[in-house]
Amino acid sequence: MKNRAIKLLILLILNSLPSFSQTRNDGNEFEYVTVAGILDSGLSGTSALLYWEGELWTSNDHGQMKLFSLDTTNGASKDSIGCGLQYYDMEEVTQDENYFYFGDFGNSNAYLRHDFCIYRMPKLSIENGTCQLDTIRFTYYGYDPDGSRSKGLPTTDYDCEAMVAVGDSLYLFTKQWTSQQTTCYALPKTPGNYMALPKFRLNVNGLITGACYYSQQLEEEQCVLALCGYSTLAQPFVYLVYGFSGTDFTHSKREKILYCNKIGWQTEAIATADGVHYWVTSEKFSSIGMNNPPRLIALNLSEYLAEYLHPSVATMDCQEPENNWPTLAPNPTHGIVQLVYTEPSAEQELKVEVWDSQGRMLKQVVRGLTIDLSRQPAGIYVVRMTTQKGEVVTRKVRKLPASHSKH
C-alpha cells in the first residue's frame, strides 16, 4: 500500500490538470465536515461503505469477504459478518433489497486484469454465515489487457472502485488514472458473463473511489447519486449528480464539492441514510512524511440538497409577502439574521418559528427582531412568522458554512 501511494503521488503530480468549473471551494475547511473518528487498525484498507439495517458497514479491499459495522459517533468497529472467501481487490460493496454485491474489480497493479467479477450474496446468507455466492463476470467494451501494460504505474482508464445497484442493473463508475474522468458502465445484476457497456462520462477532474444512490418518492421521484474521490494530492471531494429520476443520470444537476484542503486523505467509500447526511471513509495513507490513519468522516450536505429532497419545507411559502411583512437580512447569513421592516410604522408583534430542512422546528422567537443561527449547520431554514390575528407568512434563509463567502 505504501509503494502504491508513492507511485500515485508521483504520477498525479506530473499531470497538471485544469480546474472544474462546477467546483465549490473557498480555500477553507467547511463546518459541515466532521471527523467522526479514527477507524480500527484492522480497517486500514477500508474500501466500501453502506447503510443497512440502521447500521453503517465497511469492508477492506483485501482479505476475507467481511462487513464490519461502525459506531458513527467515534468510528469504532462494533460487529462483523461474512465468510472466508478471499478476494483479489474488492473495492466496492453495494446492495438492493435482497442482495449484497461485492465488486472484485480493482485494476491498478502492475499487470492489467482478465478476471473482473462481482460476487452476489443473498442478505440472508451473510446474516446466517452460510456464504452462498453467485458470480457476475465481465469485461469492459474496448478493454484490451494484453495490449496495454501499465508498466508498474497505475495508468489505465479501466480501474473501478465505485458501483451502485438500481433497478435491474449495476452501474460501475471507473477510476480513470490517465484522463481523470469517470465513465459509467452498466451490467445486468444476475449471474453470467457480460461485456460492460459505457453509458456516459463525467469530467470529475479526479479519481472516483466510491458511490452511493439515494431515491425517494414524494409527488415525483427524487434521486441523488453521490460519488467520492480524491484529487492530485489525495485531497478529497464529493461529486453530486441529482435532479433526475431512476437512472436518467444524464438529465441532472452536477456539482463537485471540495471539502478539505489536507493532502493524503485518500477517501475510498461513501454512504447515506437520508440523502442529505453522508459518511465517507479514508484508508491509511503513509507516504512522503505523512502517516494518516483511516478515518470516518461525516458530511452534512443540506446546503446543497435540502431544497431538492425536502420540497415540503422548501416550499412552505404559502403566500407572497405583502409590504408590511419584514424581510430577513442578511440572507445568506453566517449566523445572525434580522427582521427588517421597510417602514418602521409597519412593525408589529410576531411569533417567529425556525424550521430546518427535515421539517423540525428548532426555536421560537417572541417579541424579537433577531434570529441566531450561528450554532446551526449550513443549510436552508424556513422562518415562519405569525401575527396576533393569525396571519402567517414564511420565508427561507440560507445559513452559510463558517468562513464561506458568497461570490
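The model is a prediction in which local features need pLDDT of at least 70 and side-chain atom pairs count only at pLDDT 80 or more, while totals for chains, interfaces and linings use all residues. Residues are numbered from 1 along each chain as its sequence is written, and side-chain values use heavy atoms, with hydrogens and water left out.

The protein chain has a mean pLDDT of 83, and 83% of its residues reach 70 or more. Over residues 5-29, however, the pLDDT is below 50, and this stretch has 60 contacts in the model beyond near neighbours in sequence; a contact means heavy atoms within 4.5 Å. Residues 317-321 also stay under 50, with 10 contacts beyond four places in sequence.

Attention can now turn to the interior. In soluble globular proteins, nonpolar side chains tend to be buried together. A nonpolar core is here a set of buried Ala, Val, Leu, Ile, Met, Phe, Trp, Tyr and Cys residues joined through side-chain atoms within 4.5 Å. Buried means under 20% relative accessible area, exposed means over 50%, and partly exposed lies in between (1.4 Å probe, protein chains only). The largest nonpolar core has 26 residues, and those with the most contacts inside it are L240, Y259, Y278, L299, L301 and L305. Two or more residues each come from β15 (207-217), β16 (221-230), β17 (236-244), β20 (277-282), β23 (295-300) and α3 (302-309). These helices (H or I, at least four residues) and strands (E, at least two) are DSSP runs numbered from the N terminus. The largest share of this core, 4 residues, is supplied by α3. Beyond its neighbours within four places in sequence, L240 touches residues including V224, L225, A226, I257, L301, Y304 and L305. A second, separate core of 21 residues includes C184, C223, L227 and L258.

Because 7 of its 8 residues are buried, α3 is largely enclosed by the rest of the structure. The buried residues are S302, E303, Y304, L305, A306, Y308 and L309.

Aromatic rings come next. Rings of Phe, Tyr and Trp (its six-membered ring) are paired if their centres lie within 6.5 Å; planes under 30 degrees apart count as stacked, over 60 as edge-to-face and the rest as tilted. The structure holds 21 such pairs. In one of them, the ring centres of F105 and F138 are 6.4 Å apart with planes at 75°, so the arrangement is edge-to-face. This pair links distant parts of the chain, with F105 in the loop between β8 (99-104) and β9 (117-122) and F138 in strand β10 (residues 134-140), 33 residues apart. F105 is buried at 0% relative accessibility, and F138 is buried at 5%. Another edge-to-face pair is F173 with F249, with centres 6.3 Å apart and planes at 75°. Here F173 lies in strand β12 (residues 169-175) and F249 in the loop between β17 and β18 (253-258), 76 residues apart. Both F173 and F249 are buried. One aromatic cluster is formed by F105, F116, F138, Y140, Y143, Y158 and Y185.

Some rings also meet charges. A charge sits over a ring if NZ of Lys or CZ of Arg is within 6 Å of the ring centre and within 35 degrees of the ring normal. R120 places its charged end over the ring of Y99, 4.0 Å from the centre, and K123 lies over the face of F100 at 5.3 Å from the ring centre.

Cysteines follow. The whole structure contains 1 disulfide, defined as a pair of cysteine sulfur atoms within 2.5 Å. The bond joins C83 to C131, with an S to S distance of 2.1 Å. C83 sits in strand β6 (residues 77-87) and C131 in the loop between α2 (123-128) and β10, 48 residues apart. C83 is buried at 11% relative accessible area, whereas C131 is partly exposed at 25%. For C160, the closest cysteine sulfur, in C184, is 9.4 Å away, too far for a bond.

The peptide bond from A329 to P330 is cis, with omega near -5°, and another cis bond joins N331 and P332, with omega about 10°. P330 is found in the loop between β24 (327-329) and β25 (336-340).

Technical notes. pLDDT is the predictor's confidence in each residue, from 0 to 100.
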